[in-house]
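Open your viewer and get ready to click along. Each stop says what to select and what you will find there.

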Amino acid sequence: MQLARVIGSVVSTQKSPSLLGKKLMVIEPVNADGSSPAGIYQQEVAVDSVGAGEGEIVLVARGASARWVFAEPNQAIDLAIVGIIDSFVP
Amino acid sequence: MQLARVIGSVVSTQKSPSLLGKKLMVIEPVNADGSSPAGIYQQEVAVDSVGAGEGEIVLVARGASARWVFAEPNQAIDLAIVGIIDSFVP
Amino acid sequence: MQLARVIGSVVSTQKSPSLLGKKLMVIEPVNADGSSPAGIYQQEVAVDSVGAGEGEIVLVARGASARWVFAEPNQAIDLAIVGIIDSFVP
Amino acid sequence: MQLARVIGSVVSTQKSPSLLGKKLMVIEPVNADGSSPAGIYQQEVAVDSVGAGEGEIVLVARGASARWVFAEPNQAIDLAIVGIIDSFVP
Amino acid sequence: MQLARVIGSVVSTQKSPSLLGKKLMVIEPVNADGSSPAGIYQQEVAVDSVGAGEGEIVLVARGASARWVFAEPNQAIDLAIVGIIDSFVP
């Protein structure tokens with residue numbers, strides 16, 4: 001799973017029916033200590049499954065894993081928040 | 001899902017039958033506020049499922065998610081526009 | 001789908017039976033106008049399903065999409081040319 | 001499979017039920033000799049299936065491979081440690 | 001499929017049962033003419049299915065394609081060598 005920070009959300013009226021009523025969170029990549037990874041910076045949108053809030057560091061799953069944490073219809077979901085990180089133990 | 005801006009479309013005569021009658025939109029990566037991500041810049045082609053127009057910021061799904069927002073035949077589709085972004089709430 | 005230019009082909013004698021008789025085209029990433037993307041440059045090998053020739057700009061599908069545009073056996077195929085681009089409409 | 005070094009673990013209370021009781025290891029990319037790859041540096045979280053400890057170099061599998069080394073429920077797992085590297089033979 | 005050069009192998013005692021008896025080859029990315037791609041350099045481990053030897057340029061398949069060139073159990077395999085390149089025809 002990827003490590004990411006929640007930095008907000010997006011509003012979308014015209015969308016796949018499988019996204020209706022879902023929380024569309026904007027995330028950015030982070031390391032486990034909250035620092036920014038070197039190299040590429042790309043925000044993405046993940047559907048929240050665990051009640052994550054802005055500023056929290058979260059676990060993000062991709063592909064089939066993202067769909068399967070939601071009941072159907074879930075077709076359009078390829079990125080989901082599946083955990084909230086409490087602490088990093090180096 | 002990825003965040004992208006629609007910058008045009010492509011015409012293709014010789015293609016997989018599963019792409020017949022589909023709108024082949026050219027997209028580029030963006031952040032939620034419309035700015036360009038640092039690092040890699042790579043345009044891709046996504047099949048539109050929500051009536052997205054040029055200049056709009058959209059949600060893009062990859063892999064099985066992209067196929068499953070379309071009825072069969074959908075084999076060749078591995079990237080689809082699944083939502084239009086109205087606004088970003090930081 | 002990714003945008004790529006066909007720059008040649010490879011010959012492989014020792015290979016998965018699912019690649020027998022297939023055209024193994026070498027591709028490089030391009031933008032819709034034929035320019036090179038900034039950042040990473042990585043050639044890959046895609047199996048041709050539409051009669052693409054050297055120098056043409058093509059649509060490339062990955063993963064299950066790549067396998068499913070071919071009849072079985074198709075196991076080893078994870079990248080396929082699924083369309084030839086005639087023109088880009090900005 | 002990717003090559004990675006285990007650099008710690010994360011604690012997560014609020015998470016997908018499929019992650020309950022799993023060891024969530026933080027990994028960073030390495031080459032086979034333990035050196036750091038040039039370019040992108042991105043930590044990720046992989047679920048341990050082989051008893052890997054901090055500092056060890058491991059094999060990491062992604063996607064369906066990551067889920068299938070665990071019994072169900074395994075939905076949220078898209079990255080798993082599937083081997084510990086003893087040595088590299090150049 | 002990706003283009004890669006075999007640069008060695010790894011030994012792993014503690015691993016997924018699906019990797020028992022498999023040849024775990026270390027690969028690095030190359031272009032079709034054997035040159036190194038610009039940008040990211042990341043070694044990975046691919047399971048050999050075609051008798052590839054050190055120094056050879058090979059075709060590498062990812063995901064389900066990698067699993068399906070092997071009989072079960074093959075769960076942990078997400079990267080496989082599926083062809084040896086004899087020559088590049090530009």
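**Stop one: a serine and its surroundings**

Select Ser16(D) and Ser18(D): their side chains are joined by a polar contact of 2.7 Å (a polar contact is a pair of N or O atoms within 3.5 Å; within protein, one must be able to donate a hydrogen and the other to accept it, and residues adjacent in sequence count only if both atoms are side-chain atoms). Before you go on, note that this is a predicted model, in which local features need pLDDT of at least 70, side-chain atom pairs count only at pLDDT 80 or more, and totals for chains, interfaces and linings use all residues. Residues are numbered from 1 along each chain as its sequence is written, chains are lettered from A and ligands numbered from 1 in the order in which they are written, and side-chain values use heavy atoms, with hydrogens and water left out.

Now show the cartoon of chain D. Ser16(D) sits in the loop between β1 (2-11) and β2 (24-29) (strands are DSSP runs of E, at least two residues, and helices runs of H or I, at least four, numbered from the N terminus). Is Ser16(D) buried or exposed? Its relative accessible area is 7%, so Ser16(D) is buried (under 20% relative accessible area, with a 1.4 Å probe and protein chains only).

Next, display what surrounds this serine. Beyond its neighbours within four places in sequence, Ser16(D) is in contact with Ala76(D) and, from the other chain, Val50(A), Val69(A) and Val82(A) (contact means heavy atoms within 4.5 Å). Ala76(D) lies 60 residues away along the chain, yet the two C-alpha atoms are separated by 6.6 Å.

**Stop two: where chains A and D meet**

Select both chains. Here 29 residues of chain A are in contact with 27 residues of chain D. Together the chains bury about 2,300 Å², 53% of it on carbon and sulfur atoms (buried area is the accessible area, 1.4 Å probe, that two parts lose on being put together, summed over both). Highlight Met1(A), Ser65(A) and Trp68(A), which supply 25% of the area that chain A buries against chain D, more than any other three residues.

Across this interface, the rule finds 16 residue pairs in polar contact, both at pLDDT 80 or more.

**Stop three: superpose the copies**

Finally, superpose chain A on chain D: a rotation of 72 degrees with 0.0 Å of shift along its axis does it, with an RMSD of 0.0 Å (least squares on the C-alpha atoms of residues with pLDDT of at least 70 in both). The two copies are therefore related as by a five-fold rotation axis.

Methods:
Buried means under 20% relative accessible area, exposed over 50%, partly exposed in between (1.4 Å probe, protein chains only).
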